[in-house]
Amino acid sequence: MYDLNGRRALITGASRGLGRAIAERLIAEGARVAICSRKQPDPVIKGIEDWQPVDVRDGKALTDWIADRAEAMGGVDILVNNAGVEIEKTAEQTTDDDWNLLTDVNMRNVFTASRAVVPIMRQGGGGAIVNLASISATFSDPGLAIYNASKSWVVGFTKSLAVDHGKDGIRANCVAPGWIMTDMLMQTFSTAKNLDLAIESAEKRHPVGRLGRPEDIARAVAWLVSDEAEFVSGTMLTVDGGLTAGAPIDPAQN
């Protein structure tokens with residue numbers, strides 16, 4: 001357990017999946033947690049301080065949400081940029097609309113939220129930012145051209161935050177999940193001819209013998225935002241059960 005008692009945390013896209021698991025873990029660690037997402041969490045996250053409907057593609061709405069929550073909570077100690085989308089297309093297949101949607105959600109929203117929270121954290125003496133990247137940032141999955149690229153951007157941007165704002169007491173890191181059992185992963189697996197066989201094959205490729213769970217990522221985030229990681233900044237923490245330590249992979253292979 002990491003002592004986050006009283007720390008004020010904001011999480012984007014936390015109605016389900018990884019974001020929800022992160023919110024639940026930070027609450028369990030004693031943090032005051034507010035989230036935004038397009039859809040309301042169902043069921044409601046126990047112990048959450050506030051939820052607001054925000055489309056992270058709307059920069060003004062996202063910035064206003066951060067400012068409002070900072071005022072209501074008396075500051076912000078933790079920001080987790082979790083919101084993201086996946087578009088399963090090659091570069092040739094990708095349309096301008098696809099590009100605009102994915103870059104708005106996976107890149108611009110991370111920039112907008114981080115830019116908004118930096119002066120708030122600086123005024124409060126510092127804080128911790130965690131951005132959700134992916135193993136796809138360094139090991140490109142097939143048919144995910146701009147998704148892969150967007151996660152590489154998240155890693156680079158995180159390093160810049162760490163370098164530029166360490167003097168403000170702000171640490172910035174990113175978590176790179178591997179194959180975690182979420183709706184997004186199931187969307188990828190759905191391209192396989194035999195879903196059950198694809199999942200079984202994927203499990204066998206993991207040295208730990210299973211696919212990831214949202215709780216695995218939540219534990220990593222909780223550590224990174226805690227004082228236990230006070231000397232960790234500008235890094236990408238890979239949480240993939242050893243998957244990328246092995247040979248090249250294909251989630252649709254069966």
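1. A quick convention before the helix pairs: a crossing is left-handed if the near helix is turned anticlockwise from the far one by less than a right angle, and right-handed if clockwise. By that rule, helix 1 passes helix 7 in a right-handed crossing. Helices (H or I, at least four residues) and strands (E, at least two) are DSSP runs, numbered from the N terminus.

2. Some ground rules. This is a predicted model, where local features need pLDDT of at least 70 and side-chain atom pairs count only at pLDDT 80 or more, while totals for chains, interfaces and linings use all residues. Residues are numbered from 1 along each chain as its sequence is written, and side-chain values use heavy atoms, with hydrogens and water left out.

3. Back to helix 1 and helix 7 (residues 214–224): their axes come within 8 Å and cross at roughly 50 degrees. Axes here are lines fitted to C-alpha atoms, for helices over the stretch in contact, and angles run from 0 to 180 degrees between N-to-C directions. That angle makes helix 1 oblique to helix 7 (under 35 degrees counts as roughly parallel, over 145 as roughly antiparallel, 65 to 115 as roughly perpendicular and the rest as oblique). Helix 1 puts Gly 17, Leu 18, Ala 21, Ile 22, Arg 25 and Leu 26 into the contact, and helix 7 answers with Pro 214, Glu 215, Ile 217, Ala 218, Arg 219, Val 221 and Ala 222; contact means heavy atoms within 4.5 Å. By class, that is nine nonpolar, one polar and three charged residues (Ala, Val, Leu, Ile, Met, Phe, Trp, Tyr, Cys and Pro count as nonpolar, Asp, Glu, Lys and Arg as charged, and the others, Gly among them, as polar).

4. Helix 2 (residues 59–73) packs on helix 3 at about 30 degrees, axes 9 Å apart, so the two are roughly parallel to each other. Their crossing is right-handed. On the helix 2 side the contact uses Gly 59, Leu 62, Thr 63, Ile 66 and Ala 70, which meet residues of helix 3 including Ala 113, Ala 116 and Val 117. The contact splits into seven nonpolar, four polar and one charged residue.

5. Helix 3 (residues 96–123) also packs against helix 4 (residues 145–165), at about 15 degrees with axes 10 Å apart. That makes helix 3 roughly parallel to helix 4, and this crossing is right-handed. Among the residues that meet here are Trp 99, Met 107 and Phe 111 from helix 3 and Tyr 147, Trp 153 and Phe 157 from helix 4. The class count is 12 nonpolar, four polar and three charged.

6. Now the largest pocket, which holds about 1100 Å³ of space. Of its 43 lining residues, Arg 16, Asn 82, Gly 84, Val 85 and Met 184 are the closest to its centre. Helix 5 gives the most to the lining, with five residues. The lining divides into 21 nonpolar, 13 polar and nine charged residues. For the grid-minded: on a 1 Å grid over the protein atoms alone, a pocket is an open set of points where a 1.4 Å probe fits, with protein on both sides within 12 Å along at least five of seven lines, and lining residues have an atom within 4 Å of a point. Grid points are joined across faces, edges and corners, and a volume is the space filled by probe spheres set on the points.

7. One backbone detail: the peptide bond from Asp 42 to Pro 43 is cis, with omega near 5 degrees. Pro 43 sits in the loop between strand 2 and strand 3 (50–53).
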